[in-house]
Number of protein chains: 2
Amino acid sequence: VVALPVEEQIVHLKKGLAELIREEDLRERLKKAQATGVPLRVKAGFDPTAPDLHLGHTVLLRKMKHFQDLGHRVIFLIGDMTGLIGDPTGRNAMRPPLTREQVDANAETYKAQVFKILNREKTEVMFNSRWLRRMKFEDVIRLCSKYTVSQLLERDDFSKRFEQETPISVHELLYPLAQGYDSVKLKCDVELGGTDQKFNLLVGRDLQRAWRQPPQIVATVPLLEGLDGVEKMSKSKANYVGITEPCTVMVNKLMTIPDALMPRYWELLTDKSMVEIAGMKHMHPREEKLLLARTIAAEFHGPTLAWRACEEWMRVVSQRQVPADIQDAWIEGPITLDKMLFGTGIVESRSLAQRKIKEGAVEVDGERVTYMRAFEPGHTHTLRTGKQWRRVVVTKKDA
Amino acid sequence: VVALPVEEQIVHLKKGLAELIREEDLRERLKKAQATGVPLRVKAGFDPTAPDLHLGHTVLLRKMKHFQDLGHRVIFLIGDMTGLIGDPTGRNAMRPPLTREQVDANAETYKAQVFKILNREKTEVMFNSRWLRRMKFEDVIRLCSKYTVSQLLERDDFSKRFEQETPISVHELLYPLAQGYDSVKLKCDVELGGTDQKFNLLVGRDLQRAWRQPPQIVATVPLLEGLDGVEKMSKSKANYVGITEPCTVMVNKLMTIPDALMPRYWELLTDKSMVEIAGMKHMHPREEKLLLARTIAAEFHGPTLAWRACEEWMRVVSQRQVPADIQDAWIEGPITLDKMLFGTGIVESRSLAQRKIKEGAVEVDGERVTYMRAFEPGHTHTLRTGKQWRRVVVTKKDA
């Protein structure tokens, strides 16, 4: 446990949180940890299904790291019990039961990914099947006796389904209880999760009280917006950056985000303090975005690769940048590329045009074209060779 | 399995039932049992707490017996699993967990009592802890996945509590499922229970369907009215006849029931057919009630003791019977018993009155009085010596 003043620790830990229940309790525990030298036990739960993490997932991992920065113990809990059961209703074909081998393989994949952010030495990877699979009918009864049906039906998705009379299987009620029981077994001081997990994390508090443990502090992180700045980052929406993607892909994707999203990404995807982030406002947006992309990519690929990817981006994109004052041209089609280059006047002769095409010095619509392409009427194309640009409208020959 | 026509069997089995779900299915199964020679498996569940059965409980036992009469297999299922758990909320001090030894001892007490009605050879006594205690967390999940929260909350007591916002602990939802699962494990053809059990018995049907078994037939018996003919028979209301009570107590208690209750008791507490019961209407009520009391008592104490108890009742009660043409008398009080006997004229002298009192030949209000009791004004008493009767109103002396 580090010797930093508790208020400074709280600033570090609160950064980017959606909710903290409750700050006073966290302060109390941090003080105690400092006084006794016993680190806090900080849990976050993860799905046992094949992990392919994107930046959205790192918001939570980063918050775990912040606790590690301060010397605390982080428990990376793989909720494999439910995975081993699958979807017992059989309704969801996407959730067949996993084998022990699959769960273990997924765990290895997780580790390979999450230790890019987490400190391997200060992380316990655990599986909740360790205690849940030993539970007998009577243990389940005892666990269930600690909670009422109404309490569980208060959960947002349950209450909506209950009101809309969409069936809720009884076993679905057991999952939040099992998750809360994990906190009891692990004697957690803190549980972290997304805002969508808030209810389940609070169940942990209640169950710990029932088992006469001090209730865990609950800290939720927001869901990260995707590259579009609107929807939640998600693989299915293609607005994501995968953490195993090549460095250049990462940088290129990050450079497409809207400017308004930058403060959010600084806050949730880097360790920069809120004071530093406030200072970024004075940078040119392009510069700021490059620094952001480089900072994020460096975490996964190291500073050198990240630097190079940014250089590459600048080279390619600044070259491809269509000048604001581009000249327009009209030309009759169908027409071949060499005639078009000559006809719009950006090359002095057809033979020079043919040479430049062969040399790979000609781009059409941002793509290099090295063959004798032909163009049909009714389309518009952007031509470039060297620093010469034209926007060409291919028109129909007069009948 | 007996060779009786199926329609006759149905008449026997339907007698006194509150509900049968469904008669067609029962007919079907009885036919199949007759064709294959494989008896039906008929379950009824019992509480594992210390059993002290009264006639109310025998309604169900008798229905079990009716199935045995027809050659079927009866399962006397002791629901010990919940007993071994107790009330896990700890709110109900009346339900501490039972030990294995207590459950076994209670089972022995049960057997001693129920085999007065059931055929020991055709009864399997079982404990549901045998399979329930082996269930693991994942088995419970699978069981719970077969039912929805709304389905369970349809149960009368649950829906009332839910609407009134009286807490329902989650574990309470598990009990009907566990009970239904018993039917799956036992492959029951029929489950019997009180009308208050109907919901739980139907859960068994649903779960059997989920396990691809033909759903059990559900037959409920009504709750028996107590001796008062109004309230449900219950130890706490003192309107009960315990099945281990002495024969004379049984008969004396039964002789106090209102006449209107007799057809009901015939139906639910004896094997008399509905045709026979209809014939009883022609008997003198006193005679009918004696026959009823004797029939019921004979089941528990044999015909000889039952006969004697009825004889004794007649002797005592017919003696105590106040004649319809009793003479009234008025006498000033306070007054001693000897003076009163002489004053009302049923004894010739005070000294004779004193002798009769000493001999125990005097009754006041149906009780023998052998001491010199005094009587205060404002009360009315019935005096008897031999065949002499008086109703005496003790008046105040004129002021």
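Trainee: In which helix do A:E23 and A:R27 both lie, and how many residues apart are they?

Mentor: A:E23 and A:R27 both belong to helix α2 of chain A, 4 residues apart, which is about one turn of the helix. Helices here are DSSP runs of H or I with at least four residues, strands are runs of E with at least two, and both are numbered from the N terminus. Before we continue, note that this is a predicted model, in which local features need pLDDT of at least 70 and side-chain atom pairs count only at pLDDT 80 or more, while totals for chains, interfaces and linings use all residues. Residues are numbered from 1 along each chain as its sequence is written, chains are lettered from A and ligands numbered from 1 in the order in which they are written, and side-chain values use heavy atoms, with hydrogens and water left out.

Trainee: What do the side chains of A:E23 and A:R27 meet in?

Mentor: A salt bridge is a side-chain nitrogen of Lys or Arg within 4 Å of a carboxyl oxygen of Asp or Glu. A:E23 and A:R27 form one, at 2.9 Å from N to O. Over all chains, the structure contains 64 salt bridges.

Trainee: Which helix holds both A:D69 and A:K65?

Mentor: Helix α3 of chain A, residues 55-69, holds both, again 4 residues apart, about one turn of the helix. A:D69 is partly exposed at 33% relative accessibility, whereas A:K65 counts as buried at 15%.

Trainee: Where does B:R22 lie in chain B?

Mentor: B:R22 is in the loop between β1 (19-21) and α2 (23-36) of chain B. The side chain of B:R22 meets that of B:D25 in a salt bridge, 2.9 Å from N to O. B:D25 is buried at 18% relative accessibility, and B:R22 is partly exposed at 39%. Salt bridges can also share partners: in chain A, they join A:R62, A:K65, A:D69, A:D271 and A:E299 into one network.

Trainee: What is the omega of the peptide bond from B:I21 to B:R22?

Mentor: Omega is near -5 degrees there, and the bond is cis. In chain A, a cis peptide bond likewise joins A:I21 and A:R22, with omega about -5 degrees. A:R22 sits in the loop between β1 (19-21) and α2 (23-36) of chain A.

Trainee: What is the phi of A:A238?

Mentor: Phi of A:A238 is near 60 degrees, a positive value in a residue other than glycine. A:A238 occupies the loop between β6 (217-221) and α12 (247-254) of chain A and is exposed at 59% relative accessibility. In chain B, B:R212 also has a positive phi, about 60 degrees, and is not a glycine. B:R212 belongs to the loop between α11 (198-210) and β6 (217-221) of chain B, where B:R212 is exposed with a relative accessible area of 78%.

Trainee: Which residues gather in a patch of positive charge on the surface?

Mentor: A patch is made of residues with over 30% relative accessible area and no salt bridge, with like charges joined within 9 Å and nonpolar side chains (Val, Leu, Ile, Met, Phe, Trp, Tyr) within 5 Å. Lys and Arg count as positive and Asp and Glu as negative, while His and the chain ends are not counted. The residues that form the positive patch are A:R130, A:R134, A:K185 and A:K187. A:R134 is placed in the loop between α6 (129-132) and α7 (137-144) of chain A, and is exposed at 61% relative accessible area.

Trainee: What rotation superposes chain A on chain B?

Mentor: Copies are superposed by least squares on the C-alpha atoms of residues with pLDDT of at least 70 in both. Here a rotation of 180 degrees, with 0.1 Å of shift along its axis, brings chain A onto chain B with an RMSD of 0.6 Å. That is the relation of a two-fold axis. A:K136 comes closest to the rotation axis of the residues of chain A, at 2.1 Å (C-alpha).

Trainee: How many residues apart in sequence are A:G333 and A:H379?

Mentor: They are 46 residues apart in sequence, and their C-alpha atoms are 9.5 Å apart in space. A:G333 lies in strand β7 (residues 327-333) of chain A and is buried, at 3% relative accessible area.

Technical notes: Accessible areas come from the Shrake-Rupley method with a 1.4 Å probe; for residues, only the protein chains shown count as cover. The place of a charge is taken as NZ of Lys, CZ of Arg, CG of Asp or CD of Glu. Buried means under 20% relative accessible area, exposed over 50%, partly exposed in between (1.4 Å probe, protein chains only).
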